[in-house]
Amino acid sequence: MQMAKKRITAPFYTETKIGIKNWLKNTRSSEGYLYSKGEYKTKITAEDLPEHYIQGWIFKAQGYISVFGIKDIVYYANYHINHLHKDDHLYISFNKPITQKLDNRGHIWYHDYDAVLWGYI
């Protein structure tokens, strides 16, 4: 019996749910299933993902992000810490250009991104 092909369409999958309300909970699936966009439980495992998904930290969760179809990338270096690249951010958009706005304290805020990577990825 042949198994049905799994639809892998999300820009990223995580091993645990992301977000403040899930931060201190163990949301890891015992079957190894991943969360689409860090939110929706799937029947997809890491072995099911195509080779254009790379592993790393996404929104402070271990996961896999597609490098296929990226529209815009912004790199933000953190010069206020003494660990090379540890707290740098990489903003990724799969749909439109990333925009930035300066607040009244001179800090840059990025908008219109789909994922944030940081650390050693």
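The secondary structure of the protein chain comes to zero helices and 10 strands. Read from the N terminus on, the elements therefore follow the pattern β-β-β-β-β-β-β-β-β-β. The model examined here is a predicted one. Along the principal axes, the C-alpha atoms of the protein chain fill a box of roughly 60 × 30 × 25 Å. The chain has 121 residues, and 34% of them count as buried. Its accessible surface comes to about 8900 Å², with 54% of that area belonging to carbon and sulfur atoms. The contacts within the chain can also be sorted by sequence separation: among those between residues at least 6 apart in sequence, 46% join residues at least 24 apart.

The largest pocket holds about 260 Å³ of space. Its lining is made up of 13 residues, and those that lie nearest the centre of the pocket are Ile18, Gly19, Trp23, Phe59 and Lys60. Sorted by class, this lining has six nonpolar, four polar and three charged residues.

In the second largest pocket there is about 180 Å³ of space. The residues that line this pocket are Tyr76, Asn78, His89, Tyr91, His107, Ile108, Trp109, Tyr110 and Tyr113. Two elements, β7 (89–93) and β9 (108–111), each give two or more residues to the lining. Of the elements, β9 gives the most, with three residues. By class, the lining of the second largest pocket has six nonpolar and three polar residues, and no charged ones.

Lys37 lies in the loop between β2 (35–36) and β3 (40–41). Is this residue buried, exposed or partly exposed? Its relative accessibility is 42%, so Lys37 counts as partly exposed, a class that falls between the cut-offs of under 20% for buried and over 50% for exposed. Once its neighbours within four places in sequence are left aside, Lys37 is in contact with Ala10, Pro11, Phe12 and Ile18.

Methods
Residues are numbered from 1 along each chain as its sequence is written. This is a predicted model: local features need pLDDT of at least 70, side-chain atom pairs count only at pLDDT 80 or more; totals for chains, interfaces and linings use all residues. Side-chain values use heavy atoms; hydrogens and water are left out. On a 1 Å grid over the protein atoms alone, a cavity is a set of points where a 1.4 Å probe fits but cannot get out, and a pocket is an open set with protein on both sides within 12 Å along at least five of seven lines; lining residues have an atom within 4 Å of a point. Grid points are joined across faces, edges and corners, and a volume is the space filled by probe spheres set on the points. Ala, Val, Leu, Ile, Met, Phe, Trp, Tyr, Cys and Pro count as nonpolar, Asp, Glu, Lys and Arg as charged, and the others, Gly among them, as polar. Helices (H or I, at least four residues) and strands (E, at least two) are DSSP runs, numbered from the N terminus. Buried means under 20% relative accessible area, exposed over 50%, partly exposed in between (1.4 Å probe, protein chains only). Contact means heavy atoms within 4.5 Å. Accessible areas come from the Shrake-Rupley method with a 1.4 Å probe; for residues, only the protein chains shown count as cover.
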